[in-house]
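Hello,

Here is the structure I promised to pass on to you. Have a look at it first, and then read my notes below with the picture open beside you.

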Amino acid sequence: MTVYLLRRLFTSLLLVWGVLTVTFFMVHLTPGDPIDLLSGPETSAEDLERLRAAYGLDRPVAVRYVDWMGGVLRGDLGISIVSQRPVLDVLLEAVPRTLQLTVSAFVLHFAVGIALGLWWTRRGARWSTRASDVGTLVLYSLPTFWLGLMLQLLLSYHLRWLPSGGTPSVALDEVGFLTWFVENVRHLAMPVFVLGLAGTASVARVLRNSLLLTLQEDFVRTARAKGLPPRVIFGKHALRPASVALVSLVGLGIPFLLSGAVATEVVFGWPGMGRVTVEALMARDTPVVLATTAVSAVLVVLGNLLADLAYAWVDPRIRTQT
Amino acid sequence: MNPRRWWILAAALPCVLVLHGAEAGRMLLGLEGEAAAVAAWLAVFWPFAWAKATWRRRAIEWVAILRDPLSRAGLFTVLGLAFVGIFAPLLVVHSPDLMGDAVIDRYAAPSVSHWMGTDLLGRDVFSRVVHGARVSLGIAVASVVVSVGLGTMIGALAAWHGRWVDGVLMRFTDLALAFPRLFLVLLLVALVEPGPGWIVVVLGATGWMGVARVVRGQVLQQREVEYVEAARALGVPDLEVLRRHVLPATLAPVLALSTLRVGNAILAESFLSFLGLGVQDPWVSWGMLIRAGRDNLVDAWWLAVFPGAAITWTVLGFNLLGDGLRDALDPRSLSGTGSLDD
Amino acid sequence: MTSTSANPAVDDAVLRVEDLVVELEVEGRRTNVVDGIDLELRRGRTLALVGESGCGKSMSALAILRLLPRPAARLAGGRVLFDGQDLTNAPVRTMRRIRGRGIAMVFQEPMTSLNPVFSCGEQIAEVRRLHAAESRSKAWERAVALIEEVGIDRPADRARQLPHEMSGGMRQRVMIAMALAGDPAVLLADEPTTALDVTTQRQILDLLDELCARRRMAVLLVTHDLALAAQRAQEIAVMYAGRIVESGPSDAVFRAPSHPYTLGLLACRPVLGKRQERLPSIPGNVPDVFDRPSGCRFHPRCPYAVARCHEEVPAAVEDGPGRMVACHERTTVRARGEWIDA
């Protein structure tokens, strides 16, 4: 198992390096640089050159690459052209916000999805396979940003139940824990719901299909022959092998969630990586865009690593064989 | 029709788009000139040719698709949308650019004369939605063509040559998959000029990975099949074997996958336009309409609701069709009801 | 229809099956795969249910515990009497109490019949927790003891292992331990050794013999192997195409069979040490479940068949102490006592 872990870790590190390299070259090998876009018609050529030198953009690409990689390892990701703050600071503010959103949505996916999947399977009606398929497809077809807008329209503007966006403005030390908690939930409710909706349906559907297949296995027949009650058969004997299928969703779900987070953050004004990227994009703030793209990919790689670990945990056969 | 010819035509389309970029986009979507006519003919013809090829080979059980009510709904939705896209100008009463004369025409709620209301400048929302269908669909389909072309090439190459070529290409695919698609799209969009042509390129360049994997899997399977070995043993050149025997087997799953990818592409393009990074004036896309609607969400709900509903309905249609195609290829019966009461 | 017990007064049958019918429905076609069989199981004795594949013997065993594969198969008639109760219409809750505790089952394929993600000890212990209401630690102790009882060494270590870490023979022992965990009165063994090699087979069967005697269990041994039945079972029931054609004490039946099918099965085994020019065989094939012959189902393949066999279903009649046979020509068969090879 340790060998397996180490091997996966090594591949992941390679992948991270690849991500960083590719991102860097994508940005730096295109014609034109940020300075061109920042400057106006009155800027003299000299000023442009000086700006370039200041940003180190006059050196050859290879040098810039080594410099940048070195910086990354040290934690120095450059300076944001727009705000003049270190990019690392920008990230340290934004990434936890995104994680707050995506991790909550992730937990929602799986907790609600599994419960839903189990309940659906036990209900047993044959038509519900079709219904769940269609339901999932409908949810997948909704544009995330539009769904967010519609919910805002309904819940924030018309019914005034939830805030239309932004982060809660109360700190833990100012108000009691309960208020702080409720405020956080109120602000997170719509974004997390929007982000996690399609995934939840997907989890439920995959689990249901997987359970139905697993229930036809011989060992379920043995479990019945032992006289075990249905909830034990479902919850213990069928669920563990069936949930192996869910692990693949973990791997797929992470990039999906991060992509969805962009739309959700933009619509709900949530100051996470996605919104920062979009704003930086509009302002042509290349260092920031570079950093957030790279970080998002790194998160995906980490997520896949976790997914593989989850795989090994759920299916002990992998543990002993590799 | 001779498969060789339509493969060449199919390969030509992404090349045309890539080489001419915005120009081809303008021609295609503006429906001017012969190039546009050819492009439109291709866009309609190509899926049918593919469908015909798969029908003949019974790779996809088309009858099964038409029987299942949901897949049927998907198929008709897609066909209906194609119809709307091509004949858009004939389907609307008002022109999408016609601005209202009187102030009273602005922000009009849905009514008999304006089914979906009017916008800030008094333009009829319904006709803008219909024309937007053209742009959104056109971009989405074109980008999928690019993705499929790229993905097929990469996947087939990797599987056919094997060993280190396969290793390198698959590592590259893994790397590309590590980026959440939207981040990659945003990054690339920042590096190019705005406009439908480049959007097609960007979306196409970020969506090929799944196709590559599927094609690779199929080709790997087909490579081991005896008639392929026989053909190679007889001295038939590799490219010929690939084209005539191996690739047709990959058609069916790729067709199913590409239908689903069109849905994704529509969602991606609409988000880009919503951000203002997609199509610009005078083009109209659904995402752009929602962007305009966002500022007036409370007062003029129809500006945002209808385009979004259009997107949902379109993507749903493609998803239903794609799901139906996938099931027709690989029907897995889930018999039993999950009840343990016996 | 018939009974294996000649004298109902001296009746200590712990499980009695009367006129059991199992209906099979596949793609709209229906048939009684098990068509009215009678069985009796007594404590401390083994009854072998012998027949070729497709005769319905496995279905019979599954039907007793109502574990038939739904919705294809269902119990359509007859009674299963256990402990004074008819199991065919008992409520599900009762069935769950009886399964594993009153009647336990061992299946053919230990690799797929054991849950791959739980340890062997856990799969045994949960039966103890359920039926003997033992605590976790006590149940685990008992599980280890059971693993030892079935002849696995280092039971404490083995208990923690997963099924795929064990050999086939060991897995089957674990299955048996699992079946014994509830201290059942009846053990249904569905081809318990078919998937194992010959040496292991012998060990497992020896184990079953020993356990059967020691725990005074009634064992139903379902098998296609006549030799096995002859060696291990005190009583035998020969099944053909859904019906029991002959039954009785095994040594009596084998010494002097009354049914041509039994004769044929005996004659067609290769005998060690005997020089045979040509190995005799029963001509023809086992009839398809949906297309069985009229009258006596064996008549198309039977060398003793007469016109009557084609028209009339032979009734099961007594044929000596504790013996039953269903054949019109039984007297002739008994008299001649040999298989007429075509």
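**Strands, helices and a contact**

Let's begin in chain C, where β11(C) and strand β12 (residues 324–325) of chain C run antiparallel and are joined by two bridges. Within this pair, C:E318 sits opposite C:M324 in β12(C). Please keep in mind as you read that this is a predicted model.

Now find strand β1 (residues 13–26) of chain C. Eleven bridges pair β1(C) in the antiparallel sense with strand β2 (residues 29–42) of chain C, and C:V21 faces C:D35 in β2(C) across this pair. The hairpin of β1(C) and β2(C) has two residues between the strands, and there C:E27 takes a positive phi near 50°. β1(C) also runs antiparallel to strand β4 (residues 73–82) of chain C, with eight bridges joining them. In that pairing, C:L15 stands opposite C:F82 in β4(C).

How confident is the predictor about chain C? The average pLDDT of chain C is 87, and 96% of the residues score at least 70. Residues 1–10 of chain C have a pLDDT below 50, and this stretch has 25 contacts in the model beyond near neighbours in sequence. For the complex, the predictor gives an ipTM of 0.85 and a pTM of 0.75.

Of the 322 residues in chain A, 39% are buried. Among contacts in chain A between residues at least 6 apart in sequence, 74% join residues at least 24 apart.

Finally, look at where chain A touches chain B. This contact takes 48 residues from chain A and 39 residues from chain B. Several helices of chain A each supply at least two residues to the side that touches chain B, among them α1 (2–28), α5 (87–123) and α12 (286–314). The largest share of that side, eight residues, comes from α10(A). By class, the side of chain A that touches chain B has 32 nonpolar, 13 polar and three charged residues.

Enjoy exploring, and write back with any questions!

Best wishes

Conventions:
Residues numbered from 1 in each chain as written. Chains lettered and ligands numbered in written order. Predicted model: local features only at pLDDT ≥ 70, side-chain atom pairs only at ≥ 80, totals over all residues. Contact = placed C-beta atoms within 7 Å. Helix = DSSP H or I, 4+ residues; strand = E, 2+ residues; numbered from the N terminus. Nonpolar A, V, L, I, M, F, W, Y, C, P; charged D, E, K, R; others polar. pLDDT = per-residue confidence, 0-100. Pairing = 2+ DSSP bridges. Buried ≥ 20, exposed ≤ 12 C-beta atoms within 10 Å, placed from the backbone.
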